[in-house]
Amino acid sequence: MNKITRSWIVNGEPREAEFAPVRRLLDVLREDLGLKGTKEGCGEGECGACTVIVNGQPVLACLMAAGQVEDQAEIVTVEGLEKTETGRILQQAYIEKGAAQCGFCIPGMIVSSYALLEQHAHPDAGLIRESHAGNICRCTGYEKIVEAIQTAAERRAGNTGS
Amino acid sequence: MSTKAKASKRIPRVGQGVARLDADEKVRGLAEYADDLQVPDAWYGYIVRSPVSHGRLRALTLDPDYDWSRIVVVTPDDIPGENIVDMMGRDMPFIAHDEIQYRGEPIALVAAPTRKQAREAAAHVRADIEELPPLLTLGEMIDRYKRDPSELHELCAQTIRKGDAERALEEAELVVEGEYRAGHQEQLYIEPQGMVAVPEKDGSVFIHGSMQCPYFINPELCVTLDLPPEKIRVKQSAVGGAFGGKEEFPTLLAGYCALLALKAKRPVKIIYDRHQDILYSTKRHPVWSRYRTGLDKDGTIRALCVEYVLDGGAYTTLSPVVMYRGILHAAMGYRCDHVWVDGYVFRTNTFPSGAFRGFGAPQAVWGLESHVDDLAKACGMTPHEFRLRNALREGDVTPTGGVLRHSVGSPAVLTQTVERSGFVEKLSRCSHGRVSDGKWYGIGMSFFAHGAGFTGDGEARFKAKVALDLEPGEDGWPVVLVRASSTEMGQGTFTILPQVAADGLCIDLNRVRNPYPDTKYVPNSGPTVASRTAMVVGSTVYGAAQKMKKQLEEYVTREFTGGQAVQLVDGQFLTADEKVAMTFEEAATHHFQHRGPLRVYDQFRLPDYLQWDQKNFVGDAYPSYSWGCNVAEVEVDPRTLEVNVLKVTGVYDIGKVLNPVLAKGQLEGGLVQALGYAVMEKIEIKDGLFDASRMQTYVIPTTLDIPEFDLDFVEFPYEFAVPGAKGVGEIPMNGLGPAIANAVEQATGVRMRELPITPETLFAAMTRGASGPLLRTGTA
């Protein structure tokens, strides 16, 4: 199949990739762009470990063909979070609350948290749980993850005065 | 050199909820798991598997029409050493060569430049197999066991005999019987199994990947590859969850990779996809247990007779030790002079069962704690009254005749959980299937122990070794490196061991690191299993840290203070009059310049009074026990029979809590796995294979399935292993299943005897009606 070339803004920086359009976005990110933070837990859209953000929306990089991501699209992966205030607040809260254990689900989990907080400044526990129901964690029982997101939301709201 | 110490009052690191030392790399996506390792020129391995469950392999042929020029194939003929996986039985080949014992058993290995090519090539290996009749399920196994156990292939067996239980049973006023079963459970770590083998120029092999036990792999590969131990180097990558699933299984994966890599003369990696991982890796042993208990009407337990039977799958692997832990917990927790336990593991023609958090104990506690509710009912007592009356206390004797000498969190965990949960008042509100509108409410409890460390005299014989290295760090400042084979798989090893080392040395935690274990550098502190790391390895690290502290103090005394003794306090060497002689960093740097880096070792020891007879299972079955109690509250929808677990209350004695944040995380995570085991996670054998192979069909709890938790610790430190931890990793898995089943009985009036409890099984039990305990009046 013919390869196509796409120019994306990945974690705030222009990146170019050339690939067969049906290749999984996950593989293009990990193998071509060297962004190994995004994980493959199931490869069929069930665990959420590969969650990344494309144009503001959380998507599963294992289900999305890279060719579906259009030119000039903005992609945020776990590696890009520390460049944003919301991302840094989330990282700090995850660390403090003990939200990461083995850490393998965390890249997808924390990207989902980021997508949530960018859309909802004051999520309640119900919304936090609902918005993360597609991110499976086998270690934590989710308690500390929910706590971390609540803490991050409060701090972020405090910072922005919203 | 003589400023007065400003703050010699020290804040210990142990007991503080310090943030995980590996949290930063994990939240930034920088931790390198097996599939993230850069391995130039690696090929991909794939396993050719038997399509039949039982048979005789007559011939293996390569499709002559397929292009094999860029493919490496390994068959048993390519194995340089013995084609055997040692573990506990020496009955499992790395690659089947004659008799095939389960569907999916490896019959050849292939490697190719890409994953796709490897998979494709595997499909062109043809096996000619004469089929034999298989035994496939726990149900068939138990039918045969009841009819005539000699029809079964016994993988191992063990008994516990205390007193004369048969006679005491005859003399008891009441006899209560019950049978309980539970199926497989999949670990479902989110990172699938992954391993890399790199053949080195000197003929050695480097194994790097996702594992719990680096030193399990080394001796096995010596046998298979016919290499001396120094030619096999094993290193742990970041591990994305394990729960026992990466205890013994990675040894096989390492073997497959190494055999392919040696033949291909290039690195070979195998990363399972989720389907392969669920279909072809170990699960929790399915269990069937039968209890016959003799009681007096006042609630005294006269005799406990237990049969505890596990489905081992096709080969022995670790089944003996899983069964040992099972029988040691199957009657544990209550005063009783006459205890007989018979443990068996039988073969079925299915994937070998293996380690999973709790290691036989959750299967045992499931039966015991369901049965104890029946016992309470039989003598007209409430669940908590009966348990409180009979619970073991300090000074009491266990089923194997061991005396609980100290650090016994019973009955404290029991009384505190009952009080905290409001059990007594809520028990009176249970529905018993009698409310016609709304939901049925029920509350149930369980009480349990978990032996910390290897079973029997395992720790006394093994004598875990650790080292501490003091060397210049990457930033130029001195660092202390914890050198142990204990792995980080999410549970917090790389944080608690540095906490303990920092306290033992009396230095700041930020000067201590725990690198990934690499057999080139670390002594054997044992496998990361059996709730042993905090207690056994932790106290050995503490011992090593104290030795290093003493050596540094002597060094400073000799080199700097003219013989005036100093003490290392809070990172500073203080003289007797509390003057600062120098800092830890200065002394360490001086040591590097003049003497080089410093390494100290220590080894785990146990008090001599611990005695264990491995043949007869008499004595101290464990160095110490953690204790726990769970109360579960459930709501059952009378129309759909869905069981909704509303709240879980738990109090645990895990000894000294090294890090309360991490320890709570262990409780919450373990309880959620136990919740899955109790009401969600179902995987059965269909045509010899597991009937689920993805997360959509093997369903585990999500954020929306979590009950309210109210959890706490009560500390009874283990004084012979400073700083006094026992174990927290496994005990959360032990008791929630029966607590939920007991709550379901209070809600519906139906006693469930099989896990998981699903609307379907509940419907079947309610329709059957025969749910009460089998109760007969004794002869006395």
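1. Let us start with Lys647(B), which sits in strand E27 (residues 643-653) of chain B; helices (H or I, at least four residues) and strands (E, at least two) are DSSP runs, numbered from the N terminus. Lys647(B) is buried but forms no salt bridge, and Glu708(B), the nearest side chain of opposite charge, is 4.0 Å away. Here buried means under 20% relative accessible area, exposed over 50%, and partly exposed in between (1.4 Å probe, protein chains only). A salt bridge needs a side-chain nitrogen of Lys or Arg within 4 Å of a carboxyl oxygen of Asp or Glu. For opposite charge, Lys and Arg count as positive and Asp and Glu as negative, while His and the chain ends are not counted. Setting aside neighbours within four places in sequence, Lys647(B) is in contact (heavy atoms within 4.5 Å) with residues including Val631(B), Glu633(B), Pro707(B) and Asp710(B).

2. A word on the conventions: this is a predicted model, in which local features need pLDDT of at least 70 and side-chain atom pairs count only at pLDDT 80 or more, while totals for chains, interfaces and linings use all residues. Residues are numbered from 1 along each chain as its sequence is written, chains are lettered from A and ligands numbered from 1 in the order in which they are written, and side-chain values use heavy atoms, with hydrogens and water left out.

3. Which salt bridges link distant parts of chain B? One joins Arg532(B) and Glu459(B) (2.8 Å, N to O). Arg532(B) lies in the loop between strand E19 (512-513) and helix H15 (533-559), and Glu459(B) in helix H13 (residues 458-462), 73 residues apart. Arg532(B) is buried at 0% relative accessibility, and Glu459(B) is buried at 1%. Another pairs Arg599(B) with Asp469(B), with the closest N and O atoms 2.7 Å apart. This pair connects strand E23 (residues 598-603) to strand E17 (residues 465-472), across 130 residues. Arg599(B) is partly exposed at 30%, whereas Asp469(B) is buried at 9%.

4. Chain A has a salt bridge worth a look too: Glu40(A) with Arg24(A), at 2.7 Å between the closest N and O atoms. Glu40(A) is in the loop between helix H1 (25-32) and strand E3 (51-54), and Arg24(A) in the loop between strand E2 (13-19) and H1, so the pair ties together parts 16 residues apart in sequence. Glu40(A) is partly exposed at 25%, and so is Arg24(A), at 24%. Over all chains, the count comes to 68 salt bridges.

5. On to the interface, where 51 residues of chain B are in contact with 38 residues of chain A. The buried area is about 3,700 Å², with carbon and sulfur atoms giving 57%; buried area is the accessible area (1.4 Å probe) that two parts lose on being put together, summed over both. Val27(B), Ile190(B) and Thr703(B) supply 21% of the area that chain B buries against chain A, more than any other three residues.

6. How many salt bridges cross the interface of chain B and chain A? The rule finds 8, among them Arg30(A) with Asp36(B) (2.7 Å, N to O). Salt bridges that share partners join Arg30(A), Lys39(A), Asp35(B), Asp36(B), Arg115(B) and Lys269(B) into one network.
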